[in-house]
Structure formats: C-alpha cells, structure tokens
Amino acid sequence: MKTEFRVAFLGAGRMGLTHLGNLMGIRGVKVAVVADMSLEAAQRGQAIANAERATTDIEGAIAAADVDVVMISTPTTTHAHLLETAVRAGKPVWCEKPIAQDLAGTRRVVDLIAAAGVPVQIGFMRRFDPGYAAAKRSISAGKIGALERFQAMSCDTAPPPMSYIETSGGIFVDMFVHDLDLARFLMGEVNEVFAWGDVKVDPGFAKAGDVDTVVAVLRFASGALGTLQGSRRAIWGYDIRTEVAGSEGKLVIEPPQKTPLATYGRFQSTVDHFESFPDRFEAAYKLEMEAFFQALREGRPPTPSAADALETLKVALAATRSLREGRPVKVAEIV
C-alpha cells in the first residue's frame with residue numbers, strides 16, 4: 001500500500017492556491033511541481049506549497065517521472081484534455097468540477113477512465129462538508145425513514161463577472177450543479193426536472209443567454225419530490241440551505257452564521273454571515289483532499305467519481321433544457 005505521494009498541481013488561481021494550502025496539512029503528500037500558464041502564478045503556488053519547482057509546461061508536469069498524482073484546478077475548458085492526459089499516463093487524478101460542460105466530452109473522458117482503471121475523484125466538495133456528510137450517514141442508517149422531500153436554497157452573495165457568465169455553461173451547469181449533486185448524493189437518482197428562470201439581478205445575463213434567478217422541481221427515481229431555488233445575488237451573504245424530509249423526521253443543513261458570536265444591544269442582535277464558498281466550505285475543501293489520498297492509500301476507488309460527474313451533468317442539462325423549452329424534461333432524454 002502506497003503511503004507517500006508526489007503531486008503535480010495544475011492551476012494556481014484563487015481556488016488553486018486554496019487547495020495548495022490545504023495539501024500542506026495532509027501527511028505523506030509532497031507537491032513536486034506547480035504548473036500554470038503564468039509562471040508568476042505558478043511561483044506563488046510553489047511558495048505556498050513549498051513545492052520543488054514551478055513551470056508553465058503543464059503537460060510536462062503531468063509526464064514528469066517523479067510525479068505520482070495529478071491534481072487539476074485549471075480553467076474549466078482545460079479539464080477534459082488534462083484529465084485524459086493524466087489518465088493515459090496512468091496517474092491518479094483529482095480534478096475540479098466539471099469534467100466538461102458538454103455531455104459528449106464528459107462521456108468520452110468517463111469512458112477512458114473506466115477503460116484505464118485509473119482512480120479519479122471530481123471536486124464536488126459539498127459531499128465532504130461535515131453537515132452534509134452527517135446527513136448522508138443519518139439517511140443511510142434509516143434515521144428519518146423513507147425519503148419523501150428534498151429542498152435546497154442556493155444564493156451567491158454577488159454574481160461573477162459577465163465574462164465568466166458568457167462561458168459558464170449556464171446557471172444549472174455552473175452554479176446549481178452542486179445542489180443537483182447533493183440531491184443525488186442524499187436522495188438518489190433524479191428522473192425528471194421542471195425549471196423556471198428569469199433575470200432579476202443584471203440584464204447582462206439575458207444578453208449572455210442565461211438567467212440569474214431560478215426555481216426547479218425534481219422528481220426522484222424513488223418517487224420522492226424536490227425543489228431547488230436560488231439566485232446569483234444575496235446581499236445578506238452566501239446562502240446555502242438544504243432540507244431532507246422523511247417519514248420519521250427531517251434533516252436541515254444550514255449553518256446559521258460564520259462566527260459563533262451574536263452581539264446584543266437594545267432590543268436587537270447581530271450576527272455575521274458567510275461571504276462565499278471559500279469560507280462556507282473551508283472544511284469541505286480540506287476533507288475532500290484528505291479523502292482522496294486516503295482512498296489511494298487504501299486501494300479503493302475515490303468518490304465522487306467521474307461517473308457521478310456525468311450523471312449530475314445530465315440532471316443539470318435536463319434542467320437547462322426545461323428552462324429553455326418550458327416543459328418537464330426527463331433525465332433519460334439527455335443522451
């Protein structure tokens with residue numbers, strides 16, 4: 001059983017630097033090389049992770065003889081190619097979501113991974129958040145009985161730049177894909193989606209062929225029902241809430257505030273809220289990395305897998321089609 005891993009880390013943007021910092025706390029993991037199209041960015045990552053070298057040769061970093069594992073945090077459009085390159089080199093991969101924004105590209109990579117038998121984990125980090133992980137254990141133990149209802153609220157504090165929106169793949173493929181993955185994780189497979197959306201935040205979304213405010217209804221294979229709603233803007237802070245109801249009780253995953261402090265004055269009190277995903281899911285980002293390397297040590301497939309990413313993408317694409325066509329869409333239609 002291998003216990004020491006040398007990593008090629010690809011992509012030293014905002015989340016890449018966060019991931020590199022988290023890697024420093026995992027035993028038996030050494031970042032051998034940080035690669036980025038910008039040498040300056042790669043060198044920043046090198047300094048954070050105490051890596052041996054920095055480079056702009058991303059494919060060379062994957063192929064390096066002293067690299068055991070590849071970790072990908074590059075722009076979305078590069079994921080599929082870099083995953084394929086690493087898998088063909090026979091090296092285990094952790095990769096940010098998504099594999100690709102389209103079904104054909106995702107399926108091609110998933111098929112390659114299955115044929116090669118190389119361990120791959122996709123970065124749906126919410127599964128590792130302590131609240132969601134505990135909810136999954138409770139559901140698996142039957143503590144709330146037969147599952148009946150799922151509901152999720154997902155609001156960003158502020159929308160990303162319009163340049164990002166124009167290439168994001170749409171609100172369901174980009175933003176709500178995390179909630180759809182949680183729906184599958186907690187409730188099982190989704191059979192059908194009916195989605196509505198509108199532009200309430202910025203007219204630029206309409207120009208980009210997207211919406212910024214959505215509501216969707218889910219029908220699960222089990223017969224359970226679900227709702228999802230949210231927005232690209234919440235001036236009160238990053239607002240992520242999930243509820244699962246069963247025949248014997250319900251589970252609510254909702255951190256009330258960022259700091260465990262309430263300030264009280266005359267007939268009022270104040271608390272703070274999370275700003276965005278890096279602080280709300282700080283623990284999850286660390287735990288997903290730990291889980292990946294623990295799976296490699298134990299010789300078992302890491303999860304969520306590339307196949308999970310494919311199935312979640314299908315649900316997101318079904319929601320996107322429903323939004324555009326104004327009708328319920330079965331996930332089986334997405335082929």
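**Entry 1. Cavity**

I looked up the largest cavity in this predicted model and found about 60 Å³ of space in it. My search of the whole structure gave 1 cavity of 30 Å³ or more. For this search I took a cavity as a set of points, on a 1 Å grid over the protein atoms alone, where a 1.4 Å probe fits but cannot get out, with lining residues having an atom within 4 Å of a point. Grid points are joined across faces, edges and corners, and a volume is the space filled by probe spheres set on the points. Rolling a probe the size of a water molecule over the atoms shows where empty space is left.

I then listed the lining of the largest cavity: Lys97, Pro98, Ile99, Ala100, Thr106, Phe124, Val173, Val177, Ala309 and Leu313. I sorted these residues into 8 nonpolar, 1 polar and 1 charged. In that sorting Ala, Val, Leu, Ile, Met, Phe, Trp, Tyr, Cys and Pro count as nonpolar, Asp, Glu, Lys and Arg as charged, and the others, Gly among them, as polar.

**Entry 2. Conventions**

I note that residues are numbered from 1 along each chain as its sequence is written.

**Entry 3. Cis peptide bonds**

I found the peptide bond from Lys97 to Pro98 to be cis, with omega near -10°. Both Lys97 and Pro98 are in the cavity lining recorded above. Pro98 lies in the loop between strand E5 (93–95) and helix H5 (103–116). Here helices (H or I, at least four residues) and strands (E, at least two) are DSSP runs, numbered from the N terminus.

The bond from Thr303 to Pro304 is also cis, and its omega is near 0°. I placed Pro304 in the loop between helix H12 (282–298) and helix H13 (306–325).

**Entry 4. Positive phi**

I checked Asn50, a residue other than glycine, and read a positive phi near 55°. Asn50 sits in the loop between helix H2 (39–49) and strand E3 (53–55). Phe267 likewise has a positive phi, near 60°, and belongs to the loop between strand E13 (263–265) and strand E14 (268–270).

**Entry 5. Exposure**

Is Phe267 buried or exposed? Phe267 is exposed, because its relative accessible area is 79% (buried means under 20%, exposed over 50%, partly exposed in between, with a 1.4 Å probe and protein chains only). Arg44, in helix H2, is partly exposed at 42%.

Notes
Predicted model: local features only at pLDDT ≥ 70, side-chain atom pairs only at ≥ 80, totals over all residues. Heavy atoms only, no water. 1 Å grid on protein atoms, 1.4 Å probe; cavity = no way out; pocket = protein on both sides within 12 Å on 5 of 7 lines; lining within 4 Å.
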